[in-house]
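Hi,

Here is the structure I promised to pass on. Have a look at it first, and my notes on what turned up follow below.

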Amino acid sequence: MDSELNVIDITPYLAMSGECDEQLIALCCEVSYNLREKGALLLKDPRCTLEDSDRFVAMVEKYFSSSLQFKLLHQRPQLHYQVGVTPEGIEVPRSLVDEEMKEKMQKMSEENRPSAPLGADLKWRYFWRPNSCSQSVIPEGFLEWEETMNSWGQKMMAAIEVVAEMAAIGYDLPKDSFTSLMKQGPHLLAPTGSDLEKYGKEGTVLAGYHYDLNFLTIHGRSNFPGLNVWLKNGKKIAAKVPFGCLLVQTGKQMEWLTGGECMASMHELVVTNHTIEAISEAQEQKRCLWRVSSTLFAHIASHQILKPLGYFERSPLAIKYPPIIAGEYVEQELGVINVKANN
């Protein structure tokens with residue numbers, strides 16, 4: 001598989017009773033290694049079935065295919081778009097406004113350089129807080145919405161928590177080093193939708209080069225290709241998620257907690273030649289041309305302090321990660337990418 005991302009099956013860890021044996025510790029080290037050296041891994045979790053994923057994608061695909069007027073009823077700019085829908089043209093990619101990032105992009109080799117965004121992202125997004133009734137936005141006519149969103153969100157959240165535990169063990173930290181900080185975090189199930197009938201030209205940037213501000217991000221398999229990720233060594237690869245697998249990426253909060261050892265995974269969403277091929281196939285089969293991804297952002301709780309943990313505070317880069325309240329950090333980041341400003 002040319003994606004160069006390793007598939008890690010966590011079934012043995014889920015079946016564990018008691019303490020980790022040598023084989024399980026080795027599996028945990030594989031998780032921590034991939035997060036540190038690649039910023040991403042492919043995950044097999046038997047609790048997250050292909051049927052669950054397909055059901056979720058089909059429902060969200062139906063939603064994004066709805067009329068513009070209908071979807072705009074579900075936006076909440078006064079809440080920084082942190083619930084409900086975020087229309088296209090709102091979220092600004094970090095690479096468009098971050099001068100240091102733009103300078104680094106210019107220094108990349110041509111084959112590894114990101115596509116230059118021309119403006120705000122063309123993707124739509126829908127934010128849902130799994131199993132939280134707080135300010136929930138439920139589209140009219142979608143009777144299965146709440147149950148489907150909560151079910152899939154809860155399963156992906158459970159997968160992320162296992163990855164966090166295994167990473168801690170692999171880094172020789174207490175097992176709950178990360179998960180204890182995640183309790184009561186503002187986790188968000190955030191399916192994205194991109195209209196490939198409208199924006200299906202090769203080279204179109206649907207979501208510009210950026211990192212995620214949260215702790216870990218997990219995606220189900222999308223219905224169209226187009227996601228590129230960058231390894232720690234700067235190499236750009238197409239993220240190909242096999243059937244039955246999930247994609248996990250490191251976010252900026254993970255980078256903070258590891259003193260820069262795990263750098264936030266950089267990525268972009270672009271219409272590629274593979275996307276064009278998939279569009280042609282979908283047209284032949286008269287399928288919907290909305291690209292949908294089932295993304296979940298797992299966060300550190302807003303009241304917790306972000307700072308390098310344990311021996312990571314001795315990392316050569318740790319000085320770049322001074323203590324900051326997680327909620328304050330998120331507010332800063334939202335301001336940069338424009339969603340906080342639109343209120």
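This is a predicted model: local features need pLDDT of at least 70, side-chain atom pairs count only at pLDDT 80 or more; totals for chains, interfaces and linings use all residues.

Let me start with I237, which is buried, with a relative accessible area of 4% (buried means under 20% relative accessible area, exposed over 50% and partly exposed in between, with a 1.4 Å probe and protein chains only). I237 sits in strand β10, residues 236–238.

Residues are numbered from 1 along each chain as its sequence is written, and side-chain values use heavy atoms, leaving out hydrogens and water.

A word on labels: helices (H or I, at least four residues) and strands (E, at least two) are DSSP runs numbered from the N terminus. Two strands pair if DSSP finds at least two bridges between them, and contact means heavy atoms within 4.5 Å.

Now the sheets. Six strands make an open sheet with mixed pairing, in the order β1-β2-β11-β8-β14-β5. β1 (7–9) and β5 (188–189) are at the edges with a single partner strand each, so one side of each has no neighbour in the sheet. Inside this sheet, β8 (residues 216–219) and β11 (residues 246–250) run antiparallel and are joined by four bridges, with L216 opposite T250 of β11.

There is also an open sheet of four strands, β3-β4-β6-β13, with antiparallel pairing. Its edge strands are β3 (84–86) and β13 (290–293), each pairing on one side only, and the twist averages 20° from one strand to the next. (Axes are lines fitted to C-alpha atoms, for helices over the stretch in contact, and angles run from 0 to 180 degrees between N-to-C directions.) Four bridges link β6 (residues 192–195) and β13 in the antiparallel sense, and G193 stands opposite V292 in β13.

α7 lies across β2 (40–44), β5, β8, β11 and β14 (295–298), at about 130° to β8. α3 lies across β3, β4 (124–127), β6 and β13, at about 135° to β13.

Residues making the contact include F56, M59 and Y63 of α3 and W145, M149 and W152 of α7.

On to packing. The largest nonpolar core has 77 residues, and L35, L43, F178, F215, I218 and V248 have the most contacts inside it. (Such a core is a set of buried Ala, Val, Leu, Ile, Met, Phe, Trp, Tyr and Cys residues joined through side-chain atoms within 4.5 Å.) Helix α7 (residues 145–170) supplies the largest share of this core, 14 residues. A second, separate core has 23 residues, among them Y199, C245, A278 and L289.

Finally, K252 in helix α9 (residues 252–257) counts as buried, at 15% relative accessibility. Leaving aside neighbours within four places in sequence, the contacts of K252 are Y211, D212, L213, N214, A264 and Y329.

Cheers
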